Every structure is written in structure tokens, then in C-alpha cells.
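Please consult the sequence and the model shown here while reading.

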Amino acid sequence: MVTHPVGGMVPARVSPDALRGTPAGIASRAAANLIDFTVTGSLLVGVYVGVATLRFLRNPRSFTFPAPSLALIILVGSVLAGLYFAICWAFSGRTYGALVLGLRVVGREGRHPRPTVALLRAVACVVFPVGLVWCGVDRLGRSVQDLLLRTSVVYDWPDD
Amino acid sequence: MGLRSPWASWTAQIGGAASFASDELRRDAMRLIAAGPVRGGRAVASRLDRLVTAGIPVVAEAVLSRMDLTDIVVRHVDIDQVVKTVDLDAAVNQVDLLGVAQYVIDGVNLPAIVRSSSASFTTEAVHGLRVHGVEADQAVARVVGHLIPRRRSTSS
């Protein structure tokens with residue numbers, strides 16, 4: 001479990017080794033989420049193109065582009081985001097955004113979360129994304145989801 | 001002897017060619033006297049022309065092989081002036097530039113260079129992004145620490 005306060009143990013000169021394992025702050029995590037949002041949007045576009053292609057192949061003569069409702073887009077996007085988060089956290093503790101920003105989600109043992117925890121955390125993040133804001137206030141940089149599932153997001157820059 | 005080797009053979013070659021030519025000329029002159037002025041004059045001129053044609057390459061080869069022509073050209077020829085007279089556009093138009101470019105690209109393995117340079121660029125960009133993220137986290141933590149003094153006192 002992470003016990004260092006955010007910014008408290010971070011040296012003035014940024015060093016990956018010194019940073020490893022210290023809790024990440026809200027700025028890094030928000031940036032990572034922004035990248036993940038873009039990834040999810042790309043997945044959504046991919047699904048749309050796939051569905052449109054299938055429709056075209058099934059009936060090319062009366063083909064029109066699908067026009068899903070906003071609610072359906074949000075629903076499919078949320079499912080995609082949840083699956084994307086859960087799979088990434090269960091396998092490596094990193095989404096693509098976390099990989100770029102050098103972050104990792106860890107459980108109580110300091111390893112990436114178990115599949116159940118990863119899935120629950122993904123659902124919590126998709127349903128209540130505002131919970132991230134709490135990590136800017138919490139001394140140990142934990143979001144609402146982290147507090148519920150006893151996880152943390154730490155700096156862990158991968159070796160380039 | 002120093003004079004013996006190059007200069008002696010050169011002199012011998014030129015001397016031999018000159019001696020051969022003079023012997024032939026003497027014989028032709030005798031024929032000219034015997035055969036009459038008009039007919040003999042034509043024959044000697046023809047013979048002389050053949051001799052000169054045969055002798056010039058030998059003499060020229062003997063002379064030129066003993067001279068540093070490159071040095072002479074560099075010292076006495078204005079190469080820039082010569083180049084100005086060359087129609088470079090016409091020369092370039094005769095070159096298969098696309099073929100040359102393809103040959104160069106095949107030789108330098110351009111895809112590998114592009115891959116390595118873009119990988120290096122990406123690595124630096126990502127490193128910079130992470131550093132900025134950490135600095136932003138520290139800045140936010142400081143601001144929050146000022147706004148919530150209790151949090152600052154516990155973290156320090």
C-alpha cells in the first residue's frame with residue numbers, strides 16, 4: 001500500500017527511480033485519462049465502421065449509414081471504456097494513457113489489481129468519473145474508486 | 001646513372017623515330033631526282049605523309065608518358081572557365097536521376113534511419129510529457145496544501 005503523500009517524497013529533480021512507487025497526482029492522472037478517452041473514442045469509431053460495413057455487406061442496395069441515438073453511443077462507449085480499463089488493469093495495471101504518463105494502478109500488495117478488482121474499478125470509473133477529483137485533495141492521492149477498492153495509482157515509468 | 005633510365009630510353013625512342021624518318025626521306029629524295037620533279041614530288045609528299053602519320057603516335061606516346069599532364073592542366077588551364085562553357089542542364093538531363101535516387105535509398109537503408117530517428121523523437125517527447133506531469137502534480141499539491149493547511153501539515 002502506498003504511504004507517501006503526493007508531492008511529499010517527490011524530489012525536486014525528476015528521477016524515475018526515486019519516483020517509482022510514489023502516488024501520482026491529479027494532473028498526471030487527468031492527462032492519462034484524456035489519452036484513454038481518445039483511445040475509447042477511436043474504439044467507438046471502429047465499432048461504428050464495423051457495424052456500417054456489416055450492414056453494407058448484408059444489403060448493399062439499400063445501405064444507409066447507421067444513425068445511433070446519443071444514449072446508445074454513450075452506452076456503447078461506456079461499455080467499451082469499461083472493458084478497455086478492466087482488461088488493461090488486470091493484465092498490466094496500465095492503460096495506454098497510463099503507459100504514456102508513466103503511471104500504474106496497484107492493489108494492496110503493490111502488484112497490478114486482480115481481475116475482479118480491475119473490473120469493479122473500471123465500472124466505478126465509468127459510472128462515477130468525477131471520483132478522480134478526490135485524488136487532488138487526498139493526502140495519499142487516492143480517488144474515490146481507490147478508497148472503495150483499496151487501490152492506488154503510482155508513478156512507474158517503464159524502461160524505454 | 002640517373003640519366004640512363006628514363007631520359008636515355010626516351011631519347012633513344014625519339015632518335016630512332018627521327019633516324020628512321022630521315023633515312024626514308026633521303027631515299028625518297030634520291031627517287032625524286034631519278035624520276036623527275038613532278039611525279040617525284042607527289043610520291044615524296046605521299047610517303048612523307050605516311051611516315052609522319054606513323055611516327056607522330058610513337059613520339060607523342062614517348063613524350064606524354066613522361067609528363068605529369070594533370071599538373072600541367074591544373075597550373076595552366078582555367079578549369080572554372082572551362083566548366084562555364086559546359087551545358088550542365090543537358091548533361092543532367094541525360095542522367096537517370098530516379099534510378100540514382102533509388103540506388104542511394106537502397107544503399108543507405110532509409111527506413112531504418114527513419115525508424116530510429118522517430119523512435120528517439122518519440123522517447124524524448126514522452127519523457128518530457130512525464131516530467132511535465134510530475135511537475136504539474138507537485139504544483140497542484142502545493143496549491144492544495146495552501147488551501148487546506150491540515151493536509152499540508154500531515155503531508156510534511
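A:S152 is buried, because 26 other C-beta atoms lie within 10 Å; a residue counts as buried if 20 or more other C-beta atoms, placed from the backbone, lie within 10 Å of its own, as exposed if 12 or fewer do, and as partly exposed in between. The model is predicted: local features need pLDDT of at least 70, side-chain atom pairs count only at pLDDT 80 or more, and totals for chains, interfaces and linings use all residues. Residues are numbered from 1 along each chain as its sequence is written, while chains are lettered from A and ligands numbered from 1 in the order in which they are written.

A:S152 belongs to strand β2 of chain A; strands (E, at least two residues) and helices (H or I, at least four) are DSSP runs numbered from the N terminus. Between A:S152 and A:V105 there are 5.7 Å in space, C-alpha to C-alpha, although the two are 47 residues apart in sequence. Strand β2 (residues 152-155) of chain A pairs with β1(A) in the antiparallel sense over four bridges, where pairing requires that DSSP finds at least two bridges. The bridge partner of A:V105 in β2(A) is A:V153.

In a regular strand, side chains alternate between the two faces of the sheet.

| Direction from β1(A) (residues 103-106) | Residues | Burial |
|---|---|---|
| One way | A:L103 and A:V105 | buried |
| The other way | A:R104 and A:V106 | buried |

Helix α3 (residues 70-91) of chain A has 22 residues and spans 31 Å from its first C-alpha to its last, close to the expected 32 Å; the expected span is 1.5 Å times one less than the number of residues. Its buried residues include A:F85 and A:W89. The cover over the buried residues of α3(A) includes α2, β1 and α5 (115-127) of chain A. Just after α3(A), A:G93 has a positive phi of about 80°.

The report now turns to a contact between the chains. The axes of helix α2 (residues 26-58) of chain A and helix α7 (residues 110-147) of chain B come within 6 Å and cross at roughly 130°. α2(A) is therefore oblique to α7(B). In this contact, α2(A) contributes A:I26, A:A27, A:S28 and A:A31, and α7(B) contributes B:G133, B:V134, B:A136, B:D137 and B:V140; contact means C-beta atoms within 7 Å.

Chain B has eight helices and zero strands. Of its 156 residues, 4% count as buried.

Definitions and conventions. Axes fitted to C-alpha atoms, helices over the stretch in contact; angles between N-to-C directions. Parallel < 35°, antiparallel > 145°, perpendicular 65-115°, else oblique. Contact = placed C-beta atoms within 7 Å.
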